[in-house]
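Let us go through a structure together, one feature at a time.

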Amino acid sequence: MAKETFSKVEASLKSRYRRERRFQVFGLGAIFLGLLFVSLLFLNIISNGYGAFLQTHIVLDVHFAPEIIDPQDKADVNPQILAQADYRQLVRQPLREMFPEVTGRRDKRKLYRLLSSGASFQVREMVLSDPGLIGQSRRVSLIADDDVDVIVKGHVTREDAIQRFGEAYVGWIENLVEAGRLEKRFNWGFFLNGDSREPELAGIGGAVTGSFYTLLVTLLLSFPIGVAAAIYLEEFAPQNRWTDIIEVNINNLAAVPSIVFGLLGLAMFINLFGLPRSAPLVGGLVLTLMTLPTIIIASRAALKSVPPSIREAALGVGASKMQMVFHHVLPLALPGMLTGTIIGMAQALGETAPLLMIGMVAFIVDIPGGPLDPSSVLPVQVYLWADSPERAFVERTSAAIMVLLAFLIAMNTLAIILRRRFERRW
Amino acid sequence: MFRKALTAAFSVALMVTSASAAARDYVSIVGSSTVYPFATVVAEQFGKISRFKTPKVESTGSGGGLKLFCAGIGIEHPDIANASRRIKRSEQDKCAKNGINEIIEIKVGYDGIVLANARTTERFELTRKDIFLALAKQVPGKDGKLIDNPYKTWREVNADLPNTKIEVLGPPPTSGTRDAFVELAMEGGAKKFADLKALRQAKGRAVKPLMAKLGIPASAFNKKGKKVFKAVAHAIREDGAYIEAGENDNLIIQKLMANPKAIGIFGYSFLDQNADKVQGAIVDGERPTFENIADGAYPVSRALFFYVKKAHVGKVPGIKAYLTEFTADKAWGDEGYLTDKGLIPMPAAERAQFADDARSLQPMDTL
Amino acid sequence: MQIPMLLIVLLGFLALAYHLGRARALDAVGGGSGMRKLHSLPSYYGLYVALWVLLPALTILFLWSVLQDVYIVDMVVAQLPQAMQDLPEAQLGLIVNDIRNLASGNIVSGEPSADIRAAADHLLELQGIANMAKTVVVLAFAIIAGTFAWRAINPSMRARNRVEWIVKGLLILSSMVAIMTTIGIVLSVVFESIRFFSKIPFTDFIFGLAWSPQTALRADQVGASGAFGAIPLLVGTLLISFIAMLVAVPIGLMAAIYLSEYAGPKLRGFAKPVLEILAGIPTVVYGFFAALTVAPMIRTLGESVGLEVASESALAAGLVMGIMIIPFVSSLSDDVINAVPQSLRDASYGLGATRSETIRQVILPAALPGIMGGVLLAVSRAIGETMIVVMAAGLSANLTVNPLEAVTTVTVQIVTLLVGDQEFDSAKTLAAFALGLMLFVVTLGLNIIALHIVRKYREQYD
């Protein structure tokens, strides 16, 4: 009898081990797939976006001709003259000299399109900051048009470029390359400028500022409220129906789709209270409501992890309940609460959908100066650029995503460090 | 409890309204997605050069934009509405009802409406009749009576056309592009049918027999045959062949790239900017080119406008300066920066006239 | 004094009040040695006075700030020439805007008239007076209330209890915010939905098979009949969610099993946080990835084997959404699997089962309810996900379950209906709220069931 069982087991062992191995392979495969997706995503974004940190410039010898800037020599009397002069002439002059064979009006216009419309503003800034330049010549690196940028960086093939921009245009660019007149510089504008219709001038400065104000409002509201609510629910609330309802409700809110919070913001804050559209204040309010559950749940977990012995010890030496919470439990739970808050803030930073509902998708160039100015936020900027037709925006969208991810990774790392350093195991 | 909640809500509302009562110091612009690229470029230039703040531009569609524009006077309402068609009488009435009696009308330039597909396939060669047959909700059947559009492929519409499914991505009714498209292309196509053309010209008693001939139910009767005609010509099929693709013209381009069998309907400026990806169909033998649209040879072209609330001029800072920037030759002239973005400029005389209107803030007449 | 300055001064007062209250309590019992005679610690007396300084003053400041502007503008308007005052309210509002801009030193349009200039000066003057008065009143209130509280201090006063009572009140208030949020959500979607259902019958919405929200914007517009049947949207949403779950559940579950049952600490320490990165990536990034990389890839792939794939196939959006949800499923299942008591595993090994047999026949059945709860939560997340589908799914409402065709979802329609147009009377915008209500109800139901299951399950082994 026993022998029979043994032989049965032995006979099946091979296939059982095979199944075991297969199961393991499946498990490893799943993890491998997950890691593959992460690396694919990052590779895709980085390979698309790293180019945007460099911007092609055209080096030209600009003559700050007084007859163009200040023909009547009255700048001393009226400084407005300097601000309103036609600087386009200044930057076009050296291009014409470089390509004297270009004569027709149409061709000339095409030639001028090598330079960004921002180039004349570059020269303008130079003159305004140093009027002494007038009458002199300088070698200046001027921002090139996004089409030049795209061609120089090789994002379109030569054939495509010729088909789209014409043979002459591509030829000019090749001439400039040969003459060493093209250089790539670090793209400061990308970090400092506001949005623009011209990819070469567009930057995330405005969006980052908008995100900053939005998160500031969110943090100022959600941290104190979240912590206070957690303290009440964990330490003071009596066990009854009412607190049960609150608890279930918070757990549910954490899983409500973010777009529903957008609907709330639209109906309440904008239509009922008449707050301005597109303002970081409203965005911050909506995101506060959205991140509150996260913070409350994390804070409650942090409070829970403080062992009861601490509480009993405090009560035992005569502390009131409030003293016990604020003097002993809260300091011990604070790192955990901060970690939860940072994670909540990271969530809020990446949130897009509810902000679309409250009008933060407008074209806004100026960098917002406060939480009531119209502004956009970083993820919405990504959304807007992802929709733009100019090819150069693909690169910039990816670069903006890189910046966004860098912020998020930094925040999460901070949260992990905080947890490692301050969280005690009891 | 309830009363307490009410008072709390009230005080919050008060606080909030006082916050929003803060002054607005930038121009607020809404409206057509076709004018949007031009308006944003002007706004950006204007913000850089002038001492004023950069205007805020939102793309809401012509209809949606004019609706917001006409909602009232005051800083919470936009100052300028872009439109890819002329303002309608009904909209003017709505404006007037809300106290907006003086509107300055500025024509920006021209734009052609193109039907385009991806470059990877062959260029379409259509007539307006083809367009009507492919997209109308009801078309004349064999017996001359209107029937629900039976055509599934382009070949069924016209034997010269390719044998692919009719799949057109177009703008929704809020869009000026849609208005202009139905007026120029669909009406133009419908007029090719003798009975429909007769209906358009008919008045009074002559309308009824024509309607009976076409099989239009008597409930649709109107003394003016033109109205009945419009109801037929403007109705676009809703069985899936025509896909509303939202106000975002960029999105349509992306979708066309991905689906070479589809045709997209949008403004010429988008075709111009994406000439490496999509190609415009030939309509009635004319290609949608800059020259053909400017001289009116291309049949489906329209004018672009923007409308300014005169009551806001001088109250919201920067409106007048924005008008000056927009109507300067360096912006909308033959070689201005707007033509770089695909705008087709008006003749010099027309430009001068509208620039003059802008300077003198001459309000438009009631249509 | 400006508000920030005022707040700083108040802060100073606060410190002073704290100090004074504390000192008085100590004085009353003859210094530190008599502290035992006090009911509470001296600092509570200080806090008590400080709270009395702060709370009334803040309330007054708040109310004053709310009302000040309204009254001042009224007074400025009253000073305007009669002709201007007689203008309709909206026009008057514009003039007030001009005055404000002028007064706050902003750029104004054109040359302001003498009247406006005078009004702006008047406004500035009034604001100056009002700010001065505000400062005086707020500070006076702070002082008076503080003095009263200070004078009331005596050794038998239950200062600690009073302070704690106020603090507790604030804590309760904070915990109410979550309830208020839910009420706010329900109210804001329900009211607009009711208005929607007064235009479109409820049954048409719930059972309608066609979705084409083209309603006429103007009276003279034709060709826009409008159909508001939510079924195609629902089917589209479920199709995309289903594809997402097909990706996320096997991968997430297997990853969790491997990590918790097989993996050594090294792999676990590396793979877990990397997988969690997927959860932290903003959805707009996934949307960009789906629209730009995955959708074209699937399309070329499909065409190479002769399949017709729509550019915005449900497959692309579903796949990417699945990737997003993997860590969600894996971390929830990880928790659940770890909660299965070791004794069950030991018993199974003792009977001679292999690891995979133990997992399949003991651990998974034991963990099943918890895993189901996690999966339901993931489904609710997939249904409510917005950005991926806005950027990668279609807009046309096809009633199909073919994953290669384009479908649209509830969230996509909410966004397209609402972005840009803020008028609140057409069925079109109201429909967005009806969809929002539907979304809220569905996800709420799923969440409640899921959380209930998970909770029940946890209790089983605790």
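## Reading the helices, domains and chain contacts

Q: At what angle do helix 2 (residues 36-49) of chain B and helix 14 (residues 319-326) of chain B pack?
A: The model is a predicted one, and in it these two helices of chain B, helix 2 and helix 14, pack at about 115 degrees, with their axes 10 Å apart. The crossing of helix 2 of chain B and helix 14 of chain B is right-handed.

Q: Which residues meet where helix 2 of chain B touches helix 14 of chain B?
A: An α-helix has 3.6 residues a turn, so residues three or four places apart point the same way. Here helix 2 of chain B brings Val42(B), Gln45(B) and Phe46(B), which meet Ala321(B), Tyr322(B), Glu325(B) and Phe326(B) of helix 14 of chain B. By class, the residues of this contact are five nonpolar, one polar and one charged.

Q: How is chain B divided into domains?
A: Domain 1 of chain B is made of two stretches, 24-111 + 303-360, and domain 2 of chain B covers 112-301. The C-alpha centres of the two domains of chain B are separated by 29 Å, and 18 residues of domain 1 of chain B are in contact with 20 residues of domain 2 of chain B. On the domain 1 side of that contact, helix 3 (62-69) and strand 4 (103-118) of chain B are the elements that give two or more residues, and helix 3 of chain B has the largest share, three residues. That side of domain 1 of chain B holds five nonpolar, ten polar and three charged residues.

Q: How far apart are the domain centres in chain C?
A: Chain C is divided into domain 1 (3-157) and domain 2 (227-461), and their C-alpha centres lie 52 Å apart.

Q: Why is chain A described as more spread out than a compact globule?
A: Chain A has 19 helices and three strands. Its radius of gyration is 31 Å, well over the 22 Å that the globule rule gives for 426 residues, so chain A is more spread out than a compact globule. Along the principal axes, the C-alpha atoms of chain A fill a box of roughly 100 × 70 × 40 Å, and 47% of the 426 residues of chain A count as buried.

Q: Which elements pack against the buried residues of helix 4 of chain A?
A: In helix 4 (residues 87-98) of chain A, the buried residues are Tyr87(A), Leu90(A), Val91(A), Arg92(A), Pro94(A) and Leu95(A). They pack against strand 1 (54-63), helix 2 (66-69), helix 5 (105-112), helix 6 (119-129) and strand 2 (137-143) of chain A.

Q: How many residues of chain A are in contact with chain C?
A: The size of an interface is often given as the accessible area lost when the parts come together. Counted here by residues in contact, 65 residues of chain A touch 67 residues of chain C. Helix 1 (residues 2-49) of chain A gives the largest share of the chain A side, 17 residues, and that side divides into 48 nonpolar, 14 polar and three charged residues.

Q: What is the phi of Asp284(B), and where does the residue lie?
A: Most residues other than glycine have a negative phi, and most peptide bonds are trans. Asp284(B), although not a glycine, has a positive phi of about 50 degrees, and Asp284(B) lies in the loop between strand 12 (282-283) and helix 13 (290-294) of chain B. Asp284(B) is partly exposed, with 18 other C-beta atoms within 10 Å.

Conventions
Residues are numbered from 1 along each chain as its sequence is written. Chains are lettered from A and ligands numbered from 1 in the order in which they are written. This is a predicted model: local features need pLDDT of at least 70, side-chain atom pairs count only at pLDDT 80 or more; totals for chains, interfaces and linings use all residues. A residue is buried if 20 or more other C-beta atoms lie within 10 Å of its own, exposed if 12 or fewer, and partly exposed in between; C-beta atoms are placed from the backbone. Helices (H or I, at least four residues) and strands (E, at least two) are DSSP runs, numbered from the N terminus. Two residues are in contact if their C-beta atoms, placed from the backbone, lie within 7 Å. Domain bounds come from an automatic or database domain assignment. Axes are lines fitted to C-alpha atoms, for helices over the stretch in contact, and angles run from 0 to 180 degrees between N-to-C directions. A crossing is left-handed if the near helix is turned anticlockwise from the far one by less than a right angle, and right-handed if clockwise. Ala, Val, Leu, Ile, Met, Phe, Trp, Tyr, Cys and Pro count as nonpolar, Asp, Glu, Lys and Arg as charged, and the others, Gly among them, as polar. The radius of gyration is taken over C-alpha atoms; the globule rule is 2.2 Å times the number of residues to the power 0.38.
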